[in-house]
Amino acid sequence: MSAYFDEHEDLAIGKAMDTALLRRLLRYVRPYKKFFIIAFVCTVFATGIEIALPFITKTAVDSVLVLPWVEVESEQAPHPDAFRLENDLFLADSRRIPDRQMEELEAEGLVLSRVLLLREGDAGMDVARRHPDVFEEIELGLFAREADLDALSTTERLQVQGEALMLLGYLALGFVVLLVLRFAFTYGQVYLLQASGQRVMYDMRRHIFGHLLRLPVPFLDKQPVGRLVTRATNDIKAINEMYAEVLVYALRDFLMMGGVLAVMFSLNVRLGLLMLAFAPPLAIATFWFRIKARDAYRNARRHLARLNAYLAESISGMPIIQLFLQEMRAFKRFASINEQYFSAQMRTVMVYGVFGPTVWLVTNVALAVLIWYGGRGVLSGVFTLGSLVAFISYIRMLFQPLTELSEKYNLLQGAMAAGERIFHLVDEPTEASGDVSPPDIQGEVVFEDVWFSYNDRDWVLKGVSFRVAPGERIAVVGPTGSGKSTVVNLLLGFYRPQRGRILVDGQDINGLDLTALRRRLALVPQDVFLFSGDVTDNVAMWDPQIRPDDVRAAAEEVGVHPTIEKLPKGYETQVRERGTRLSVGERQLLSMARAVAADPRILVLDEATANVDSQTEALMQDALDKVMEGRTSIAIAHRLSTIRKADRVFVFREGHLVEEGSVSELLDKKGLFWALWQLQFSSDVPASQRTGPEPPPTGSDLDIGSE
């Protein structure tokens with residue numbers, strides 16, 4: 001159940017807009033706010049150019065492709081500058097006639113024809129004068145009705161419309177220039193957003209990993225590694241998508257819709273209102289999709305997480321599955337999870353399959369209404385053909401941001417959830433440390449009535465008290481779960497006792513600077529962790545004060561130097577992640593060399609020889625004797641044969657320190673240590689190989705629980 005709980009937490013969807021959380025996220029943007037401001041300015045210019053492009057098309061159609069002057073039959077001039085041809089016949093510029101008046105003239109049939117008007121000095125005047133049958137001369141210049149222009153050849157028709165062609169060339173050139181400018185602004189916008197987004201992610205990853213390095217071990221013990229990795233990778237990526245895809249682009253979308261609506265209403269109010277009426281159905285469809293898609297997507301992610309987890313588990317445990325003939329059960333279980341994931345994915349496909357055609361349908365119905373209503377306006381003269389062409393472009397520009405609103409909303413939700421998870425991690429208190437930095441550590445360790453529990457309920461250590469003198473060798477033994485490793489964890493400062501005190505050289509460990517303390521401590525664990533890198537780095541642990549010569553000397557002291565020399569590149573050999581190129585014993589010896597190179601005053605060995613064979617154990621024992629020389633050492637041991645040279649032995653049981661003394665003294669007491677010694681040597685070691693005190697021949701009267 002805990003795995004499912006973790007999974008649900010990772011897939012949680014946050015509020016769409018948490019202002020407090022957003023303010024915290026925007027703090028990472030402040031160092032790069034200039035980039036975002038410039039990107040926004042580029043967005044404004046790119047959006048303005050995009051809105052202007054259809055208007056250029058409209059101008060080209062209305063001013064070049066459609067003749068602007070009209071012949072109107074009316075008792076009064078259509079506008080003050082109209083030229084009277086006859087008593088009730090006028091020549092007027094249709095662009096200067098109000099829309100309502102033009103519609104009435106068209107409806108009453110008073111607009112007789114479109115007219116080409118040439119003024120003195122125009123390029124086509126010479127051609128026009130050669131065709132008096134087509135062109136009539138008036139005070140304004142020469143004019144010809146649109147139908148009469150068919151009498152001209154193609155070349156002559158282009159010549160008489162030279163001014164229009166020149167204007168068309170200028171418009172085309174302006175269109176290209178605007179396209180180039182839009183490319184430049186869009187490039188600047190995308191580059192600045194992505195570059196600043198990458199910088200923000202870089203800073204956030206540094207912040208998170210730096211915080212992880214300072215978190216206490218109790219917190220890290222309770223967290224799955226995959227979840228912490230996700231915080232520094234996927235969650236940060238989700239936040240970057242909000243920066244790069246939502247914030248600036250959302251402002252662009254609002255600018256786009258506002259600008260398009262302004263242009264549409266300036267062209268025709270009624271047609272603009274008619275197109276705006278399609279926005280609510282599209283918005284409703286978009287928000288329906290947002291809800292359904294979010295649920296379907298979360299469900300699919302949940303099943304995908306289960307599928308991946310089961311695959312990883314099965315592949316890792318494949319030898320066990322095959323050994324116990326569980327292939328069919330594993331396959332059926334996988335088939336069931338796979339079927340659930342397939343069904344979840346199909347629900348996602350269905351939602352997307354409904355939403356896409358819905359948006360397409362609404363958009364194209366709006367386009368059909370636009371063509372019908374706008375076409376009637378063109379035919380009636382109230383609406384120009386260029387305006388209709390521009391409206392077709394604007395209708396798509398108006399609806400496109402609405403269709404993208406759902407995606408941006410989901411990105412914003414995902415970013416809020418990711419930010420919440422990240423700040424839950426960042427808000428975790430770092431490891432507590434004192435500020436006292438001792439000039440040197442002699443190695444005295446004292447536990448005073450120490451009580452400790454991992455969960456504040458079940459006591460692991462109960463009133464433990466002991467003193468270790470500087471340079472003394474201490475062995476800690478006891479049954480599994482007796483509290484041996486807890487003693488080590490407390491001494492290293494990974495955990496803090498609920499009661500009592502731990503003193504190092506008379507200083508309470510709670511008041512000591514843990515960095516200074518750990519510089520004088522070294523741990524040789526049972527499970528050695530080696531990092532990706534060469535042998536030298538893994539021994540020196542990237543400490544600049546430890547030179548390659550010191551690494552070599554430490555390796556020689558513990559006896560691992562010949563083994564390192566046999567590696568392909570010696571000390572420069574890459575050991576790979578977790579040291580997979582080395583055996584368990586070689587990794588243990590490297591861990592000892594690491595401890596020697598650090599030159600600690602207190603050496604802690606946590607079952608350092610538990611996972612090696614007898615031959616390697618003998619080598620390690622010789623190395624341990626050299627390492628512990630002159631240092632305070634505390635060794636947790638399951639193999640009692642490794643503690644014969646210990647000055648004293650601490651015996652733990654159920655959180656109590658029940659026995660203390662040398663090996664011979666404890667055997668003479670015939671208590672718990674004597675029982676452990678007898679059990680181990682009577683079962684593990686042949687009598688011919690035993691050294692040290694001989695255990696009793698029988699155990700019929702043995703009381704393991706005796707103290």
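Analyst: Happy to! Let's start at glycine 386, which counts as buried because its relative accessibility is 0%; buried is under 20% relative accessible area, exposed is over 50% and partly exposed lies in between, with a 1.4 Å probe and protein chains only. This is a predicted model, where local features need pLDDT of at least 70, side-chain atom pairs count only at pLDDT 80 or more, and totals for chains, interfaces and linings use all residues. Residues are numbered from 1 along each chain as its sequence is written, and side-chain values use heavy atoms, without hydrogens and water.

Glycine 386 sits in helix H15 (helices are DSSP runs of H or I with at least four residues, strands are E runs of at least two, numbered from the N terminus). Leaving aside residues up to four places away in sequence, glycine 386 touches Lys58, Val61 and Asp62, contact being heavy atoms within 4.5 Å. Asparagine 268 is 118 residues from glycine 386 in sequence, while their C-alpha atoms are 12 Å apart.

A nonpolar core is a set of buried Ala, Val, Leu, Ile, Met, Phe, Trp, Tyr and Cys residues joined through side-chain atoms within 4.5 Å. This core has 35 residues, and Leu25, Met204, Ile208, Ile239, Met242 and Tyr243 make the most contacts inside it. Apart from it lies another core of 33 residues, including Val524, Val551, Ala597 and Leu603. Back at tyrosine 243, its contacts beyond four places in sequence are Leu25, Leu26, Tyr28, Val29, Phe36, Leu193, Val200 and Val248.

Helices H7 and H9 turn up again at the largest pocket, giving two or more lining residues each, as do H8 (217-221), H16 (484-491), H17 (514-519), strand S12 (521-524), H18 (535-540) and H21 (584-598). On a 1 Å grid over the protein atoms alone, a pocket is an open set of points with protein on both sides within 12 Å along at least five of seven lines, a cavity is a set where a 1.4 Å probe fits but cannot get out, and lining residues have an atom within 4 Å of a point. The pocket's volume is about 2,300 Å³. Its lining counts 50 residues, with Phe494, Arg518, Phe531, Met541 and Arg594 closest to the centre. H21 gives the largest share, 5 residues.

Lastly, some strands. Four of them form an open antiparallel sheet in the order S8-S7-S10-S11; strands pair if DSSP finds at least two bridges between them. S8 (459-468) and S11 (507-508) are at the edges with a single partner strand each, so one side of each has no neighbour in the sheet. S10 (499-504) pairs with S11 over 2 bridges in the antiparallel sense, and leucine 503 stands opposite aspartate 508. Elsewhere, strand S6 (141-145) is largely enclosed by the rest of the structure, because 4 of its 5 residues are buried.

How values were computed
Grid points are joined across faces, edges and corners, and a volume is the space filled by probe spheres set on the points.
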